[in-house]
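Student: Hi! I've got a structure open and would like to talk through how its pieces pack. Can you help me out?
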Amino acid sequence: MHRIIDMKLNRPYILYIFICLWLLFLPSCTNHLWGKDFVVVIDAGHGGHDPGAIGKISKEKNINLNVALKVGNLIKRNCDDVKVIYTRSKDVFIPLDRRAEIANNAKADLFISIHTNALANNRTAKGASTWTLGLAKSDANLEVAKRENSVILYESDYKTRYAGFNPNSAESYIIFEFMQDKYMEQSVHLASLMQKQFRQTCRRADRGVHQAGFLVLKASAMPSILIELGFISTPEEERYLNSEEGAGTMAKGIYRAFLNYKREHELRLTGVSRTIVPTEQEEDNAPAIAQKDTESVNTAPQQEKLLAEAKTKPAATAKTAPKRPIVVESATNDSEITFKIQILTSSKPLAKNDKRLKGLKEVDYYKEGGIYKYTYGASADYNKVLRTKRTITAQFKDAFIIAFRNGEKMNVNEAIAEFKKRRNK
Ligand SMILES: [Zn+2]
């Protein structure tokens with residue numbers, strides 16, 4: 001008897017289960033139908049009763065939020081396959097571990113934390129830097145992590161929440177020494193893409209990619225970076241970051257680096273990518289993309305048009321002879337050559353305390369053909385770099401000088417010739 005009833009009920013029952021399952025998986029299905037398969041978490045540092053660093057005319061929390069929202073808007077307008085999640089979209093306090101939790105819960109592909117640097121005692125410095133998780137290789141780097149981590153002191157239960165971590169004690173940072181970070185390579189790569197844009201798009205002084213023990217990065221389980229946009233303690237930079245132009249340009253730089261990363265990520269995973277990184281000229285020629293607010297539907301054909309245009313235009317001539325002369329001016333007059341000393345290469349990123357670096361601090365690197373090429377020193381003055389090179393010849397006898405124009409490696413002889421020509425003007 002029992003069995004007969006079961007048999008009778010069987011079919012509608014199965015249907016019912018199917019409907020339940022379908023409803024259960026609907027959110028992720030539709031997500032994929034809509035193509036929202038890349039999730040980026042944008043974290044505006046500080047907020048609420050935590051102002052972050054304080055400048056003469058502004059607070060760090062507001063600069064961070066303004067730039068974060070601008071980055072998010074650019075992504076939302078132009079990438080209909082990306083889901084943007086903010087850890088905060090207004091002036092509220094969010095505990096540090098909650099920020100990472102938001103990213104982890106969303107199974108984010110990227111975590112981008114936006115901050116503004118500061119120096120105490122009227123010291124001034126300029127430029128943007130990008131940080132990944134690791135052991136600080138200098139006291140100055142440790143200071144940055146200490147300052148950013150000390151926000152946990154605003155949380156009453158920080159001692160239990162962060163397992164006794166004291167943000168102001170150097171000893172607490174030992175935990176970062178033996179930490180394995182499986183996202184390190186991707187994080188460092190994203191960081192270097194950021195710095196490239198800060199140089200090229202934002203024309204900011206390049207303070208390089210660094211590592212330090214940031215709690216917010218430690219807790220996030222995906223490639224993660226922390227950006228220091230500039231120095232709020234340097235009046236000129238504070239004014240710039242508080243201007244519409246400054247905040248907008250920094251956001252554009254971050255957005256472009258994000259596009260570059262996403263494109264490479266997709267190519268690596270699937271061999272195809274519909275992510276397009278417009279060139280500076282294309283962006284200037286296509287204000288419609290930047291101004292459009294909600295109609296993300298229309299931006300994909302727009303981007304396809306840009307891609308088609310880019311394809312018909314040889315890349316080399318696009319740089320030297322674009323259609324609009326006004327763009328040529330801004331593209332070439334500001335082009336800056338930076339000389340650096342290449343000290344060694346490695347197939348993997350090196351830890352800051354790697355023996356091969358021989359204790360040299362403030363080293364930087366660039367990636368070429370999948371190889372990490374480590375450099376030391378950076379200046380537009382060739383003679384200065386030559387002098388710096390002499391100071392390290394004993395340790396790095398094979399070191400040689402290389403040159404970059406707007407962050408792109410260039411022929412060093414041409415660079416020297418141009419340097420001499422400029423100096424003799
Ligand atoms: Zn901060």
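Student: At what angle do helix 8 and helix 9 pack?
Tutor: In this predicted model, the angle between helix 8 (residues 235-242) and helix 9 is about 80°, and their axes are 4 Å apart. An angle from 65 to 115 degrees counts as roughly perpendicular, so that is how helix 8 and helix 9 are arranged.

Student: Which residues make the contact?
Tutor: Helix 8 brings Tyr-240, Leu-241 and Asn-242. From helix 9 come Glu-244, Gly-246, Ala-247, Thr-249 and Met-250.

Student: Switching topic: how many residues are in the largest nonpolar core?
Tutor: That core has 68 residues, and Ile-75, Ile-254, Phe-339 and Ile-343 have the most contacts inside it. Helix 9 turns up again here, giving the most to this core with nine residues.

Student: Nice. Where does the core lie relative to the domains?
Tutor: It lies between domain 1 (37-270) and domain 3 (338-423), because both give residues to it.

Student: And what does Ile-75 touch?
Tutor: Leaving out residues up to four places away in sequence, Ile-75 touches Val-40, Ile-42, Val-82, Val-84, Tyr-255 and Phe-258. Apart from this core there is another, of 28 residues, including Leu-135 and Phe-165.

Student: Now helix 6. What do its buried residues pack against?
Tutor: Their partners include strand 3 (110-117), strand 5 (206-212), strand 8 (363-368) and helix 9 (244-270). Among the buried residues of helix 6 are Val-188, Leu-190, Leu-193 and Phe-198.

Student: What span should helix 6 have?
Tutor: At 1.5 Å a residue, its 17 residues should span 24 Å, and the end C-alpha atoms are 24 Å apart, which agrees.

How values were computed
Residues are numbered from 1 along each chain as its sequence is written. This is a predicted model: local features need pLDDT of at least 70, side-chain atom pairs count only at pLDDT 80 or more; totals for chains, interfaces and linings use all residues. Side-chain values use heavy atoms; hydrogens and water are left out. Helices (H or I, at least four residues) and strands (E, at least two) are DSSP runs, numbered from the N terminus. The expected span of a helix is 1.5 Å times one less than its number of residues. Buried means under 20% relative accessible area, exposed over 50%, partly exposed in between (1.4 Å probe, protein chains only). Contact means heavy atoms within 4.5 Å. A nonpolar core is a set of buried Ala, Val, Leu, Ile, Met, Phe, Trp, Tyr and Cys residues joined through side-chain atoms within 4.5 Å. Domain bounds come from an automatic or database domain assignment. Axes are lines fitted to C-alpha atoms, for helices over the stretch in contact, and angles run from 0 to 180 degrees between N-to-C directions. Angles under 35 degrees count as roughly parallel, over 145 as roughly antiparallel, 65 to 115 as roughly perpendicular and the rest as oblique.
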